[in-house]
Amino acid sequence: MAFWLAAKRQGQDSDWIQRFDPRFWTIDFPRPMMASAITPAPDALRIDATFLREGDLAGLIWASEDSLDHPLLAYATDRDYARTTLSFRWRSGGILPLDAVNGPTLTIEGRDAGGQPHSWFVRLWNFATGTNEDARITLPFSQMFGGWTADVADPLYPADIDRMFISLVAPGYVQGSTTPFAQALDGWAELSDISCDGDRAMLPIGNVFVPPHGLAVATAYDDQCNQTPSRLIRSLRQLGYRGSVLHYVGMSHHFRLHYVGADCLVDTSQITEGGDPLCAPARAWHAAFFAACAEAGLSPIASISYEVLAQHCPPAWAQRAADGTAGLTGWDPPSNLLSPAQGEAMGWLQSVGRAYVALMQAANVPLRLQIGEPWWWVTGDGRICLYDDAAKAAFGGNPVAIPDLRAPLNAEQTALLDSAGALLACSTAAITMAAKAQAGSAPCEVLLLTFLPTVLDPAMPEARRANLPTGWASPAFDRLQVEDYDWLTAGASALRQAAYATIDQRLTYPPEAQDYLAGFVLNPGQGDLWRLIDGGVDEALARQPHEVFVWALPQICRDGYTRLPPAQDSDMNAFDDVPYPLALGLDAKITQEFSTSVATTASGFERRNSLWSNARLHFDLGPGIRSETELGTLIAFFRARRGAARGFRLTDPSDFSSNGMVDTPTATDQLIGVGDGTTASFALVKHYGDGVADPQIRRITRPRAGTVLVSVNGVGVTNGWTVGDGGIVSFTTPPAAGANLRAGFLFDVPVRFEQDTLDINGAGFSIGDAPSVPVIEIREAV
């Protein structure tokens, strides 16, 4: 299916929003504090914050440039605030009040009248009427000033503003201090009756509605907790995503923290004292997110994982290698994986699962929990991390060492991996039971996500004993979810296909009980990976899973990925894989067409630009019609194709072989690729122009069945490969790096009738006047 990486709107629908629309503010803060912003009403914005240190400060931000939304949905950049007035009602609690030193301050960043960067510090109390915690604030930008009072004012230049933010701090604030408070402090502020008047009070905004395309989407709290839930729901719905929303709650922002000496760790007091494992900002945000999903008709899935940011992970919870070092992921900063054997860690994780199920109950949405990527961590040098104190005790106190999973293992080592897998399965079963217990009599769906490139790494064939335990086999979970993006974006198709077969055989979930996660593109500037991801989506849909998710919304918006819906007419690109039933004689007209832009300069020199990489063929079938019987065959074939609606195969009598033009093919005719040790699929091609520096390369998408021959380094091979749709040769095992892969074949041309009319003059035909029957080559997506 088609997709588009949109960089900007190009004539698509737009609308207007009021400047300072509550949905489009963001919140920023230093770790480890936490803050969130939600929209309790169309004209209201609420901020919840948890302050852990004396110097913690949250900033509520309005940016003149929208850098977060999808390019088709972003609001227009407007840095001119002159003669514009923002007003709202302010209420707050648990933070310094409006009239206090270091009370809520509006910092405005931009440039002065001379174009020099400048920041203004506007004391909101100077523009307020009411009390210090309940006031009406009016901000006329052309009359505003920075400074403590008007008599020492720094007049605002309102015509060139980049962004502005309102700072919120707790009582006891000390600028720059990292000293922890005795206990975490929760505070809040609410802006209601938000309105903008005067000049430029409205902003254009993208209002594209991509029709539903059948895909679901994933979101990520760690990446998007700075945005309002209503903004995210607007984005994903208008980009055509429906059904489920797989929401990863993250590894760093959602849980309650406290200081233990100098370390800020997960607060475990809730386990013994019945407290809340979620911090107040995350609880408020997720309650609003689930409610917004319900209103939009979406079904959220709360995704929890065994991963915790390393700086917040209690040391006893972390998985460890045999030498005692904690397993650390490659994120920056890194995270730890929780040990499935550690009772306190697993008890905490179960309480987190219950908390999210309870939030979904309150929002009246289906109860759905995902356990995301639970595994025993394996370091880059092959050491498996199942030697923390709790795990060692569970494995008998002194389990055998496994120094490298890439090396051959003995029976004692594989038995240890089997025990580790059983323990991992028990830990996920306990989370499942906790979630279903919270749900009570209501249905509660629990899903498991596994990452195939890790759990089925061919360099570590025994790792699956620990990280893909048979205890996960159906019906342990309501559904299995798989992702394979490392292999997908590397072109490792053979590994992917083998992994699907292994999953099906080992865990026995039918396709309709499996989901597929496609993506993701980690870094900006890697837009070419979306082509592979979109192809993976199409491939997954062909397996008919329960749902296919694009992972994830932050990358979708960043790169402008736009999945286009299928055509309403399902026959738009229909192709009947049948040959034209009549021989095309050598007297048939065959035209080879390129498209070249030629510009001639005043001095007579030319500048030529080749617009097509491949020629497009045109044929006239009429001269091949020799009798009334053949004419009848042509008419029947034309009607069966519904004129130009459906494609078909045609043999070009002048060029149908990989060997020269018409000679018998051999296995070494055409170079189709060079092995890299990973890639297993290669497209059939034919090269034209031997001996030239830049030969023309033609994709062959319709090879004739049974004619394909393959060689590796000049030696013909008869097994270990197949030919799939589109002329793709797929090897069971990826060819070795540097291997020359060649193929020979006969092929047809995919064509369609050029017109929806077939003009035949009976009198003319009877005296040998052949009809004109033009057909044109089809460009097939490959």
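Predicted model: local features only at pLDDT ≥ 70, side-chain atom pairs only at ≥ 80, totals over all residues.

Colleague: Why is the contact of E190 with R91 called a salt bridge?

Modeller: The closest N and O atoms of E190 and R91 are 2.8 Å apart, and the cut-off is within 4 Å, so the pair qualifies. Side chains of opposite charge can pair when their charged atoms come close.

Colleague: And what makes E190 count as buried?

Modeller: Buried means under 20% relative accessible area, exposed over 50%, and partly exposed in between (1.4 Å probe, protein chains only). E190 has 13% relative accessibility, so it counts as buried. R91 has a relative accessible area of 29%, so R91 is partly exposed.

Colleague: How do you know that D577 and R649 link distant parts of the chain?

Modeller: R649 lies in strand β35 and D577 in strand β30, 72 residues apart. Strands here (E, at least two residues) and helices (H or I, at least four) are DSSP runs, numbered from the N terminus. The salt bridge between R649 and D577 has an N to O distance of 2.6 Å. R649 is buried at 11% relative accessibility, while D577 is partly exposed at 47%. Both also belong to a network of salt bridges that links D577, R649, R702, R704, D748 and E780.

Colleague: Which residue does D576 pair with in a salt bridge?

Modeller: That's R646, with the closest N and O atoms 2.9 Å apart. Both D576 and R646 are buried.

Colleague: Last one: why are β37 and β43 said to pair?

Modeller: Two strands pair if DSSP finds at least two bridges between them. β37 and strand β43 (residues 728-731) have 3 bridges in the antiparallel sense, so they pass. For instance, the bridge partner of A683 in β43 is I728. These strands belong to an open sheet of 3 strands in the order β37-β43-β42. Its edge strands are β37 (681-683) and β42 (721-724), each pairing on one side only.

Notes: Residues numbered from 1 in each chain as written. Heavy atoms only, no water. Salt bridge = Lys/Arg side-chain N within 4 Å of Asp/Glu carboxyl O.
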